[in-house]
Amino acid sequence: MKLYDKKENLKEFLSTLKKSGKKIGLVPTMGALHEGHISLVQQALIENDAVVVSIFVNPTQFNNPEDLEKYPRTLEADLEMLKTVTGNVSVYAPQANDVYDDNVASATFDFDGLEHQMEGAFRPGHFDGVGTVVKKLFEIVMPNKAYFGEKDFQQLQIIKKMVEKEAMPLAIVGCPILREANGLAMSSRNKRLSDDERSKSAFIFEVLNEMKSKFGKDAISSILLEAKKAFNNNDMFELEYVTIANEATLEDVEEVNSSSKYRAFVAVYVNNVRLIDNLALN
Ligand code: AMP
């Protein structure tokens, strides 16, 4: 497994592969890797000849300096984990100046309104930061396909929108959410939870499933009210939002339409650690 911290060296390596017609997959990550990330790498290996995993905690997508500072950074362990994967995997783990050419700032994007919902509403500037870094990674790696988890469903939709609007020459592949045995969505931030918090955070998935079981039967307003009550009655959680939105527009659902797809989305704090999750409802 090759490790690059300079984009020029990575590009040189990739240009040799591309000249011989090899297909390249890209898996952008912020490290602190877990099985969810590995599932993306494995999907990328199935569909490409070589895979680049980027490991970069992107400063421009953090609206909260404490979240950025406390974000787990475990490069040695990440590399060990990736070594267990069979296939042509390279890692790009740069410093910010290599990605940003010494100008660590976000560009501004128009994602047709997708950026104003949920995460966008609660994390100002977040998706400009995401769009900026992902675009830069696409320009560096020039992959045939790039892989994103449904764990960050809004991000997945936003990246698809960026690729479509800017006619970027690659395909975006969405991958299912990997969960702990108790149902908690795997996340790098789970590393900041105590064993007890991690175990009790299975409640998030329980509430999402409860919402799913009521979808199509109860009124949306009543499903949301019950879900809010469930979090508000549980001392461990500080609820930021819980909503049901149309998968394509990410707008809150007002009236359910049988030809559209819907998902329940949630963001909660557990002891200052921000967790998000979502579940397809139909
Ligand atoms: P992150 O390192 O958190 O930025 O995540 C990197 C990529 O892995 C993103 O596309 C995430 O959506 C995806 N990812 C994170 N957690 C999971 C999970 N539990 N299951 C599937 N994909 C995930």
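Let's start at A167, which is exposed, with a relative accessible area of 64%. Here, exposed means over 50% relative accessible area, buried means under 20%, and partly exposed is anything in between, using a 1.4 Å probe and counting protein chains only. Before we go on, note that this is a predicted model, where local features need pLDDT of at least 70, side-chain atom pairs count only at pLDDT 80 or more, and totals for chains, interfaces and linings use all residues. Residues are numbered from 1 along each chain as its sequence is written, and side-chain values use heavy atoms, with hydrogens and water left out.

Back to A167: you'll find this residue in the loop between α8 (153-165) and β6 (171-175). Those labels come from DSSP runs, numbered from the N terminus: helices are H or I with at least four residues, and strands are E with at least two. A167 isn't a glycine, yet its phi is positive, at about 45°. D112 has a positive phi too, about 55°, and is not a glycine either. Look for D112 in the loop between α5 (96-100) and α6. With a relative accessible area of 46%, D112 is partly exposed.

R123 sits in the loop between α6 (118-122) and α7 (126-141), and at 8% relative accessibility it counts as buried. What does R123 touch, leaving aside its neighbours within four places in sequence? The list is Q61, F62, N63, D67, R189 and R274, where contact means heavy atoms within 4.5 Å.

Next, the strands. Strands of a sheet pair through backbone hydrogen bonds, either parallel or antiparallel. For the pairs described here, DSSP has to find at least two bridges between the two strands. Take strand β3 (residues 50-55): six of its six residues are buried, so the strand is largely enclosed by the rest of the structure. Both faces are covered, with A50, V52 and S54 buried on one side and V51, V53 and I55 buried on the other. β3 pairs with strand β2 (residues 24-29) in the parallel sense, over six bridges. In that pairing, P28 has S54 of β3 as its bridge partner.

S54 is worth a stop of its own. This residue of strand β3 counts as buried at 1% relative accessibility. Not counting residues up to four places away in sequence, S54 touches L26, V27, P28, T29, Y92 and L137. How far is S54 from S258 in space, C-alpha to C-alpha? The two are 39 Å apart, and 204 residues separate them in sequence.

Apart from residues up to four places away in sequence, L40 is in touch with V27, Y147, F148, G149 and C175. L40 is buried, with a relative accessible area of 9%. Its C-alpha atom is separated by 34 Å from that of E255, which is 215 residues away along the chain.

G149 brings us to the ligand. There are 17 residues around the ligand, and M30, G149, D152, L178 and M186 come nearest; a residue makes this list if one of its heavy atoms lies within 4 Å. Which backbone atoms of the protein come up against the ligand's polar atoms? A polar backbone atom of M30 is 2.9 Å from an oxygen atom of the ligand. For G149, a backbone N or O atom lies 2.8 Å from a ligand oxygen. L178 has a backbone N or O atom 2.8 Å from a nitrogen atom of the ligand. Taken alone the ligand exposes 480 Å², and the protein buries 93% of that.

Finally, find the open sheet of three strands, in the order β7-β8-β9, with antiparallel pairing. β7 (237-246) and β9 (273-280) stand at the edges with a single partner strand each, so one side of each is left without a neighbour in the sheet. From one strand to the next, the twist averages 15°. Nine bridges join β7 to the antiparallel strand β8 (residues 262-270), and Y241 has A267 in β8 as its bridge partner. Helix α11 (residues 220-232) lies across β7 and β8, running at about 160° to β7. That angle is taken between N-to-C directions on a scale from 0 to 180 degrees, with axes fitted to C-alpha atoms, for helices over the stretch in contact.

Notes
A polar contact is a pair of N or O atoms within 3.5 Å; within protein, one must be able to donate a hydrogen and the other to accept it, and residues adjacent in sequence count only if both atoms are side-chain atoms. Accessible areas come from the Shrake-Rupley method with a 1.4 Å probe; for residues, only the protein chains shown count as cover.
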